[in-house]
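Have the structure open as you read, and look for each residue as it comes up.

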Amino acid sequence: MIVARALFADNRRLVLCIAVVLIAGIGLPLLNLLTPPTSALHVPTYVVQLVGKYLCYALLAVAVDLVWGYCGILTLGHGAFFALGGYAMGMYLMRQIGSRGVYGNPLLPDFMVFLNWKQLPWFWQGFDQFWFAAIMVVLVPGLLALGLGWFAFRSRVTGVYLSIITQAMTFALWLAFFRNDMGFGGNNGMTDFKEILGFSIQSGGTRAALCFASALALALGLVVAASVVGSRFGKVLVGVRDAESRVRFLGYRPENYKLFVFVVSAMLAGVAGALYVPQVGIINPGEFHPANSIEAVIWVAIGGRGTLVGPVLGAVLVNFGKTWLTGALPEVWLFALGALFVFVPMFLPNGVVGLWRSRVKRAPARADKTAPLARPAE
Amino acid sequence: MRETDKLLYVDGISVSFDGFRALNSLSLMIDDGEMRAIIGPNGAGKTTMMDVITGKTRPDSGEVVFDGRHDLRALDETDIARLGIGRKFQRPTVFENHTVEDNLLLALKGKRRVFDTLFARRATSETTRLKDLLELIGLGTQRGILAGRLSHGQKQWLEIGMLLAQDPKLLLVDEPVAGMTDAETETTAKLLREINKTRSVIVVEHDMNFVRELGVTVTVLHEGSVLAEGSLDQVSANPRVVEVYLGR
C-alpha cells in the first residue's frame, strides 16, 4: 500500500486512467449483459467487442512506449511480439476445437489434415492446456526479445539501425508465417474457434469476460510500467535515452537496462496479442505486417510518448478514428493516418498529453516542495 | 603488465584511425594525489588520450595501467568507471530531464546492476552525501529543478559533482571552463583545487589563464605525443612549444 501510494502520489492522471479503464472494462460489458436491448442504457455487443480490442491495442501501445518513450529504442517491430502472443493463444483455441473441425479429426487441426499431416508437430504439444499456452504467451515473445536484444544491444546498435533490425524481424516473421509448412496455418492462420476455458467464445458472457480481462491486463500493465519507470531503474533508463555515454561512464551497463525493458515490453505485447485473438476470432500472418508495428508507434506519438497515459489515449483515439473512418469513408483512412504521422510530430511533439501539460504549465506555477527557483536559470 | 607505484601509468600508446596517427607513442604518468593540466593545439590527441584511458578507444600498442594493477586495455568503459576513473566530457553531459538531485543520485557510488536499481530505496547515507555534494558544487537551491534548465556553467559544475559522487580516485576533466564567464572560471578552479585535496585530477584545457590559476604541472601534447612537461612558465619558455602554438 505504501509502495502504491509512493508510486502514484505524483501521478494522479495515471490513477485516473487506470480507474477509467477498469470502470469501462467492467461497466460496459455489464450494461450489455444486464440491460434489455430496448433500454436506453443498453450497450450493443459490437461496442463491447470494439472496446475489448481497443484495450488490447492500448496495452501494446504501453509496451511500445516503455521502450521508445522511456529508453529511446524506436521499435518498429513490436507487432511481432503481439502476433506471437496471439498465435500462442490461437494454438490453444485451435486445440479446443477438438473433433468439431470441418474434417472432424480428433487429433489434428483442420489445416494439418488438409496438408496431409499425420501427427501433431512437436511445437504444438502442450497447447491443449491453457496454463501451458498462457506461459508461452509471455515466454515466446520474451525469448525472441532476449535473443534479438542481446545481440543488438551488446553490439551497441542504436538509433535508426536498431529500428531497421526490429522492422526486419517482424518482416521475416511475416514471410515465415505465410508458409504452410511452418505449421501455423499458413496464409489462412487460425480461426473458427469454439471455446475458451470451456466457455463458448461466441457467448455474450465470454465476450464480456474477455473485455474485462483486457481492461484488467491493461491496468496491470500500467502498474508494471509505472513501477519500472518510477524506480531508480527507470531513472537510469531515461538517462540511457538522453545521454547513453554518460550512463556508461558512470559505471552502468546500458545494454542490460535496455535488454530488461525490451523483454518486459515484449511480454506485455504478447499478453495484449493473446487477449486480442479470442475477441476478433482470428489470427493470421497479417498481424506480423510491418505496417501494424508502425501504426502502434503512431498511437504512442499521438498520445504522447514518455508518459503512461499518452499511449492509452493515443491507441484508443486513433483506433476509434479508424473504426469510424473506415466505416464512413473507407478510402480516406490511410491518408488520414499518413497525415497524422506527418502533422503530429510537427505541431504536437508531445502528443495529446503534451497539449494538456503545456496548458497546465501556463497556469500559475505551484510552489516547489524542495526549493524555490531562486532566479531564472538562463 | 608493468609493476608501478604511479596511479596512472601510460606508456608508449599509439592509436591510428584510418591511417591518421591520433596518438604516437604517448607516455604519461600521474602520481596519487596529483593534478595535471594537459594542453595542446587542436588535433594534438588530448581527447583521444582520454578515450584510451576510459576504455572508449583501444590503443594499437602501448600500456595503460591504473593503480598499479589494472590493465585498462582489457576493460570497457563501465569497468573502468567502476574502478574509479570519472570522466567529464567536453560538452556538458548531464541528464537534462532529471532534477539536479536525481542526476547526482544516479551518479552516487553504489550497486549498478539492473535488479539493484529496480528495487533501490534511498538510504539516509545517500541523502547526506547528496546534501554535501550539492553544497560543494553550489547548486543547493537548484536541487529540485530539471538539469536541462541550468545555465551552461551550472551544468559543468553538476557534471563535476556527478563525477565526485562516483567517488573516483582519478578525474578526467575535458575543457571544464569552455564557454564560462570569468567569475565562473574562477569558481571552477577553486572547485577543482578542492577536489584535488582528496583525488587526482587530469584537466584538459585551452584557457591559459585557467591553467595558470590551477598552478600545476603542465603537459603539452603535439601530434599525438608529449612535447614538453613542467610548470606553465617552463613550458611557455620552451621554443618548440612556442613554435607549435604560434604556427610554424
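In this predicted model, the side chains of Asp76(B) and Arg253(A) are joined by a polar contact of 2.7 Å. You can find Asp76(B) in the loop between β5 (70–71) and α2 (77–83) of chain B. Is Asp76(B) buried or exposed? Its relative accessibility is 17%, so Asp76(B) counts as buried, the cut-off being under 20%. Apart from neighbours within four places in sequence, Asp76(B) is in contact with Arg253(A) and Thr54(B).

Let us turn to salt bridges. Side chains of opposite charge can pair when their charged atoms come close. Over all chains, the count comes to 30 salt bridges.

| Salt bridge | Distance (N to O) |
|---|---|
| Arg248(A) and Glu255(A) | 3.3 Å |
| Asp31(B) and Lys6(B) | 3.0 Å |
| Glu194(B) and Lys197(B) | 3.1 Å |

Take the pair in chain A: Arg248(A) is buried at 5% relative accessibility, and Glu255(A) is buried too, with 15%.

Next comes the pair Asp31(B) and Lys6(B), whose closest N and O atoms are 3.0 Å apart. Asp31(B) sits in the loop between β2 (20–30) and β3 (35–39) of chain B, while Lys6(B) belongs to the segment before β1 (8–17), so this pair ties together parts 25 residues apart in sequence. Asp31(B) is partly exposed, at 35% relative accessible area, and Lys6(B) is partly exposed at 24%.

In the last pair, Glu194(B) is partly exposed, at 37%, whereas Lys197(B) is exposed, at 64%. Salt bridges can also share partners: in this way Glu244(A), Arg248(A), Arg253(A), Glu255(A), Lys258(A), Asp76(B) and Asp79(B) are joined into one network. Asp76(B), where we began, is part of that network.

Now follow helix α6 (residues 130–154) of chain A. How far does this helix reach from its first C-alpha to its last? With 25 residues, the helix reaches 35 Å, close to the 36 Å expected at 1.5 Å a residue. At Met136(A), α6(A) bends by about 30 degrees. Met136(A) is also one of the buried residues of α6(A), which include Ala133(A), Val137(A), Pro141(A) and Phe153(A). What covers these buried residues includes α4 (78–97), α7 (159–178) and α10 (254–280) of chain A. Just after α6(A), Arg156(A) takes a positive phi of about 60 degrees.

Technical notes: Residues are numbered from 1 along each chain as its sequence is written. Chains are lettered from A and ligands numbered from 1 in the order in which they are written. This is a predicted model: local features need pLDDT of at least 70, side-chain atom pairs count only at pLDDT 80 or more; totals for chains, interfaces and linings use all residues. Side-chain values use heavy atoms; hydrogens and water are left out. Helices (H or I, at least four residues) and strands (E, at least two) are DSSP runs, numbered from the N terminus. Buried means under 20% relative accessible area, exposed over 50%, partly exposed in between (1.4 Å probe, protein chains only). A polar contact is a pair of N or O atoms within 3.5 Å; within protein, one must be able to donate a hydrogen and the other to accept it, and residues adjacent in sequence count only if both atoms are side-chain atoms. Contact means heavy atoms within 4.5 Å. The expected span of a helix is 1.5 Å times one less than its number of residues. The bend at a residue is the angle between axes fitted to the seven residues ending there and the seven starting there. A salt bridge is a side-chain nitrogen of Lys or Arg within 4 Å of a carboxyl oxygen of Asp or Glu.
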